[in-house]
Amino acid sequence: MKRLLELLTGTYGPSGSEEDIREVIEKEVREYADEVYTDALGSLIAVKKGKGRKVMLAAHMDQIGLIVTGIDDNGFLRFSNVGGISPFNVIHRKVRFQNGVTGVVSYETELEDIRNLKLGKMYIDIGAKSKDEAKALVNIGDVAVYDAPMAVCGDRVTGCAMDDRAGCAVLVETLKRVRNTDHELYFVFTVQEEVGLRGARTSAYGIMPDIGISVDVTLTGDTPKSRPMAINLGEGPAIKVKDASVIAHPKVKELMIQRAREAGIPYQLEVLEAGGTDSGAIHLTGAGVPSGVISIPCRYVHSAQEMVDLKDLTQAVELLVTILEKEIEI
Amino acid sequence: MVEVLKRLAEARGVTGNENEVRDIILELARPLADECYVDRIGNVIAKKKGSKGGRKVMIAAHMDEIGFIISRISDNGMLRFLPVGGIDQRILVSKRVLVGKDRVPGVIGVKAIHLQEPDERRKVINQKQMYIDIGARSREEAEKVVKIGDYASFDSDFVCFGDNKVKSKALDDRAGCSILLELLKDTYECDLYACFTVQEEIGLRGAEVAAYHIEPDLGLVVEGTTCADLPDVPDHLHTTRMGKGPAISFMDNSSIANKDLFKRMVKTAEDNSIPYQIKENVAGGNDAGRIQTSRSGVPTVVVSVPCRYIHSPSSVMDLDDFKNTHLLIQKFLKGVEG
């Protein structure tokens with residue numbers, strides 16, 4: 001799991017530019033699936049054929065990023081956000097483009113009050129000395145991501161894009177481990193979640209599943225003076241009750257709880273006040289898809305150093321495997 | 001093309017009330033298309049069969065424009081109103097409008113500056129404090145010509161001025177509609193579905209329905225977009241620049257351009273020596289947002305004509321940008337295999 005997570009979080013793939021991460025995941029899943037294909041928006045779908053329920057499992061492979069909107073005469077890049085980028089999270093961060101060009105993010109220092117900082121007053125410095133020099137390296141519309149390789153801190157790891165490569169890693173491991181199942185399983189690595197659940201919407205339409213389960217990170221309430229939230233890092237995968245995009249279908253939620261109890265897998269119940277995930281799009285597809293979410297607790301979400309506990313990931317895999325190998329009555 | 005643009009821009013079509021624009025488009029599109037019809041939400045769909053056929057290309061421009069809807073008539077005959085679509089309320093005072101089917105002339109008023117409290121003068125006047133004055137002396141008199149729910153649109157002439165520029169209301173997106181009509185004069189290998197959509201300004205509603213119905217293989221959107229190449233605006237916030245050609249979008253708030261289509265659009269411009277620019281901002285949204293996520297997904301790309309002072313009665317556009325946008329899309333469509 002550690003190796004896989006390091007590989008996935010180290011691979012480039014902001015919303016709309018998921019080619020590299022798609023290729024890496026495709027290599028991981030190819031020999032374990034009966035069929036692998038990419039849909040019109042770019043989501044990767046690995047199918048394990050079966051005669052039972054049609055289950056769509058989704059984790060998004062895109063990550064947040066900084067998109068270049070202009071290059072000035074001195075070679076500095078102006079940028080906007082792809083997904084939820086806070087100005088404060090990117091100050092003096094190292095970022096990397098698809099072609100390997102790296103830079104550092106900074107801001108106009110004549111700013112009177114740092115609280116007024118907006119992305120429009122920030123820039124990426126790629127070391128270019130002129131517009132022409134910068135243009136030889138980067139184009140308008142190119143996207144940079146945090147350049148923050150995974151680091152290990154005990155049972156825990158930190159680095160960029162745990163949101164949602166942690167979910168992708170869980171799906172890949174689940175596909176590798178699930179054996180005795182009659183259900184038809186669609187492991188979907190979705191695109192453009194961070195800009196509005198777009199990939200999940202179209203892949204769910206293409207699949208028309210009986211049940212949808214997405215795997216994504218969630219926030220925690222276990223750091224000093226954090227906003228109260230009954231989720232702690234390392235205390236097991238979270239079974240979502242609701243967030244801003246979806247209310248988990250009661251029967252899917254109950255099934256998850258029941259299977260966790262039977263197998264003795266620790267779990268937490270999650271109520272996320274803001275934010276959403278792919279299930280928000282999946283459950284409204286066609287005439288409706290009963291949907292639930294398994295969340296990976298994660299600190300410092302959308303920063304360059306998102307922290308997860310590897311135990312939570314392996315237990316999420318165990319929980320998914322037992323759900324998929326048993327009867328699913330909804 | 002400019003004559004058609006003038007006719008369309010002067011027609012009134014506030015979101016939800018696109019009839020006048022739709023009638024002109026139907027009249028002009030029917031002789032050009034193989035099939036032309038109005039769908040159940042009010043979009044005009046003009047189909048042009050391809051020489052090879054098979055691949056379905058949806059090209060969309062919205063018919064609706066921002067405006068107002070009458071919400072209340074006060075005892076003294078003044079009309080209270082609500083905005084339809086995104087309008088900067090600072091531009092409203094003293095503007096001329098036309099109310100209802102019968103084009104009742106009115107002007108947007110607010111109490112004079114000497115009657116405002118010192119505190120009020122420093123603030124932007126809220127649209128709720130404004131009213132439309134149609135010269136009626138009483139509610140009864142006003143009700144003879146206007147009723148609640150009537151639409152009002154900006155009253156603004158289409159004027160050619162300066163160096164090849166035009167000034168008008170509703171260039172967003174009658175410019176796109178005119179370009180679609182011009183494109184229908186040609187034939188292509190692919191099947192072309194020119195969609196003149198309704199209700200874009202309040203949530204891309206017409207495009208959602210049209211895309212679901214057509215099930216296209218590829219989506220193209222022709223828009224009017226912001227252009228802030230003005231004094232005091234730093235270079236990196238211009239978004240687009242007037243006279244520099246059609247603006248191709250890599251991303252906005254509603255969609256991310258399909259990378260292949262984006263590259264093909266840029267290459268088409270370069271191969272044919274058509275001036276173009278990349279839209280240098282990630283703001284706003286348009287019909288592509290709904291087309292892209294329709295059914296199991298549609299690759300899309302957006303090309304826009306830069307418009308200064310967009311969403312006002314006096315937006316300004318460069319006619320070369322307008323014509324080059326048509327030319328670029330025409331060449332692009334010629335390159336789409338059937």
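Which residues have the most contacts inside the largest nonpolar core? In this predicted model, they are Val170(A), Ile59(B) and Leu180(B), and the core to which they belong has 178 residues.

**Nonpolar cores**

- Once its neighbours within four places in sequence are left aside, Val170(A) is in contact with Ala59(A), Val215(A), Ile296(A), Leu313(A), Ala316(A), Val317(A) and Leu320(A).
- Another core, of 23 residues, lies apart from the largest one, and among its members are Ile66(B), Ile70(B), Leu79(B) and Ile134(B).
- As general background, nonpolar side chains tend to be buried together in soluble globular proteins.

**Packing of helix 5 and helix 9 of chain A**

- Helix 5 of chain A, residues 162–177, and helix 9 of chain A, residues 310–325, have axes that come within 9 Å and cross at roughly 45 degrees.
- The two helices of chain A, helix 5 and helix 9, are therefore oblique to each other, and their crossing is right-handed.
- On the side of helix 5 of chain A the contact is made by Ala166(A), Ala169(A), Val170(A), Glu173(A), Thr174(A) and Arg177(A), while helix 9 of chain A contributes Leu313(A), Ala316(A), Val317(A), Leu320(A) and Val321(A).
- By class, the residues of this contact between helix 5 and helix 9 of chain A divide into 8 nonpolar, 1 polar and 2 charged.

**A mostly covered helix in chain A**

- Helix 6 of chain A, which spans residues 198–207, is mostly covered, with 9 of its 10 residues buried.
- The buried residues of helix 6 of chain A are Arg198(A), Gly199(A), Ala200(A), Arg201(A), Thr202(A), Ser203(A), Ala204(A), Gly206(A) and Ile207(A).
- The elements covering these buried residues include, from chain A, strand 2 (44–48), strand 3 (54–60), strand 12 (184–190), strand 13 (211–218) and helix 8 (279–282), together with helix 8 (288–292) of chain B.
- Just after helix 6 of chain A comes Met208(A), which takes a positive phi of about 50 degrees.

**Cis peptide bonds**

- In chain A, the peptide bond from Asp163(A) to Asp164(A) is cis, with omega near 10 degrees, and Asp164(A) lies in helix 5 of chain A.
- In chain B, a cis peptide bond joins Asp172(B) and Asp173(B), with omega about 15 degrees, and Asp173(B) lies in helix 5 of chain B, residues 171–183.

**Positive phi in loops**

- His302(A), although it is not a glycine, has a positive phi of about 70 degrees, and this residue is found in the loop between strand 16 (291–297) and strand 17 (306–309) of chain A.
- Because 20 or more other C-beta atoms within 10 Å make a residue buried, His302(A), with 20 such atoms, is buried.
- Arg295(B), likewise not a glycine, has a positive phi of about 45 degrees, and it is found in the loop between helix 8 and strand 16 (300–308) of chain B.
- Arg295(B) is partly exposed, with 15 other C-beta atoms within 10 Å.

**Contact between the chains**

- Across the interface, 17 residues of chain B are in contact with 21 residues of chain A.
- The side of chain B that touches chain A has 8 nonpolar, 6 polar and 3 charged residues.

Key
Residues numbered from 1 in each chain as written. Chains lettered and ligands numbered in written order. Predicted model: local features only at pLDDT ≥ 70, side-chain atom pairs only at ≥ 80, totals over all residues. Core = buried A, V, L, I, M, F, W, Y, C linked by C-beta atoms within 7 Å. Buried ≥ 20, exposed ≤ 12 C-beta atoms within 10 Å, placed from the backbone. Contact = placed C-beta atoms within 7 Å. Helix = DSSP H or I, 4+ residues; strand = E, 2+ residues; numbered from the N terminus. Axes fitted to C-alpha atoms, helices over the stretch in contact; angles between N-to-C directions. Parallel < 35°, antiparallel > 145°, perpendicular 65-115°, else oblique. Left-handed = near helix turned anticlockwise from the far one by under 90°. Nonpolar A, V, L, I, M, F, W, Y, C, P; charged D, E, K, R; others polar.
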